[in-house]
Amino acid sequence: MNAFELAGVSKRYGAMTVLDTLDLTLAEGEVLGLFGHNGAGKTTTMKIILGLLAVSDGRVCVLGGTPDSTEVRRSLGYLPENVSFYPQLSGRETLHYFARLKGASPAQAEELLEQVGLAHAADRRVRTYSKGMRQRLGLAQALLGSPRLLLLDEPTVGLDPIATRDLYTLIDRLRRTGTSIVLCSHVLPGVEAHIDRAAILTNGRLEAIGSLAELRAAAGLPSTLRARGLVHGERRVAQWQAEGLVARSLGVDGVEVAACNGHKLALLRDLLDEESTRDIEIHEPTLEDLYRHYMQRSQERAP
């Protein structure tokens, strides 16, 4: 059973269309990165899955039921982009309050305070918490009840590098135990190692979806080869440029060449045949490169 299925989903506010015939599914134990510009429809999609918004058209199925089902909602976890809690309550009181609402045990609330690194500040009032601490508390409340489907909207906002690393370690662990996760983030470099598929929204439409390998193949973006130690590097760069390849020198003995249209293996062999070559790096298009490509394609297609 899929964690959710959206079929032909549209959401309109009067004459304004926020989502336009969106088809999207999430498998059990899969992590989906949901990306797009501000106003692309990411948060609206999440709120439809959560049952907080009704669709204008289309069909929504979440965990085999409807989003407004009490049983389904007890199996969901949600971290909004901007978390807000009662400032006069302590972190412990806040989490125990949400645990009662969700039917989770007080023991789990205590475990989560430890897990997100707030045990030392559990009895401080939330109004004294930094933005990063409030974000950690928001993550803890999202994990109450061990949700089968977890929706994270900009979860790294306010987190320092160590806390961000811990978050992604947690996401990897939840995925291995079968939790399905939707992850929205504008910080793309840290995300790509932790998602199974990426979905890119533009103006309420699904511009692209697939694994990074599938998106790379569809985009046709080149790999980049960088080599050090070439005695005649500038001569080799000039040769590649004459063949129509994009290449440049990197300092005294370094070269960089873009490998596309099946050139990668041939270029790699050429570099390996150079006796002086002491190092070769292969850089595949990153998630950020792919995002930029599909955003540009969408803009070029717009009237």
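This is a predicted model: local features need pLDDT of at least 70, side-chain atom pairs count only at pLDDT 80 or more; totals for chains, interfaces and linings use all residues.
# Reading strands, sheets and turns

Visitor: In what sense do β8 and β9 pair, and over how many bridges?

Guide: β8 and β9 pair in the antiparallel sense, over five bridges, and one of the positions to look at is Leu201, whose bridge partner in β9 is Leu206. These two strands form a hairpin with two residues between them.

Visitor: Which residue in that turn has a positive phi?

Guide: Asn203 does, with a phi of about 50 degrees, although Asn203 is not a glycine. To place Asn203 in the chain, look in the loop between β8 (197-202) and β9 (205-210).

Visitor: Is Asn203 buried or exposed?

Guide: Here a cut-off is needed, namely that a residue counts as exposed when its relative accessible area is over 50%. Asn203 has 56% relative accessibility, and therefore counts as exposed. Glu154 lies in the loop between β6 (149-153) and α6 (161-176), but with a relative accessibility of 4% Glu154 counts as buried.

Visitor: Returning to β8, how many of its residues are buried, and how are they placed on its faces?

Guide: The general idea is that in a regular strand the side chains alternate between the two faces of the sheet. In β8, six of its six residues are buried, and both faces are covered, with Arg197, Ala199 and Leu201 buried on one side and Ala198, Ile200 and Thr202 buried on the other.

Visitor: Let me turn to a sheet with antiparallel pairing; in what order do the strands of the open sheet of three strands stand?

Guide: That sheet has the order β2-β1-β4. β2 (16-26) and β4 (57-62) each have a single partner strand and stand at the edges, so one side of each is left without a neighbour in the sheet. From one strand to the next the twist averages 25 degrees. Within this sheet, strand β1 (residues 4-13) is joined to β2 by seven bridges, the two running antiparallel, and Tyr13 stands opposite Met16 in β2.

Visitor: And what is the strand order in the open sheet of four strands?

Guide: There the order is β11-β12-β10-β13, again with antiparallel pairing. The edges are held by β11 (247-250) and β13 (279-283), each of which has a single partner strand, so that one side of each lacks a neighbour in the sheet. Direction ignored, neighbouring strands of this sheet are turned by 20 degrees against each other on average. β11 pairs with strand β12 (residues 254-259) in the antiparallel sense over four bridges, and the bridge partner of Ala247 in β12 is Val257.

Visitor: Which helices pack on this sheet, and which strands do they touch?

Guide: Helix α8 (residues 233-242) packs on the sheet and touches β11 and β12, its direction making about 165 degrees with that of β11. Helix α9 (residues 264-273) also packs on the sheet, touching β10 (223-228), β12 and β13, and its direction makes about 0 degrees with that of β10.

Visitor: With which residues is Thr224 in contact, leaving aside its neighbours within four places in sequence?

Guide: Thr224, which has its place in strand β10, is in contact with Glu256, Val257, Glu281, Ile282 and His283. The relative accessible area of Thr224 is 19%, and Thr224 is therefore buried, the cut-off for that class being under 20%.

Visitor: Finally, what share of the contacts in the whole protein joins residues 24 or more positions apart?

Guide: Among contacts with a separation of 6 or more, such residues account for 68%. The protein has ten helices and 13 strands, and 48% of its 303 residues count as buried. Its C-alpha trace spans about 70 × 50 × 30 Å along the principal axes, and its accessible surface comes to about 15,200 Å², of which 50% belongs to carbon and sulfur atoms.

Conventions
Residues are numbered from 1 along each chain as its sequence is written. Side-chain values use heavy atoms; hydrogens and water are left out. Two strands pair if DSSP finds at least two bridges between them. Axes are lines fitted to C-alpha atoms, for helices over the stretch in contact, and angles run from 0 to 180 degrees between N-to-C directions. Contact means heavy atoms within 4.5 Å. Buried means under 20% relative accessible area, exposed over 50%, partly exposed in between (1.4 Å probe, protein chains only). Accessible areas come from the Shrake-Rupley method with a 1.4 Å probe; for residues, only the protein chains shown count as cover.
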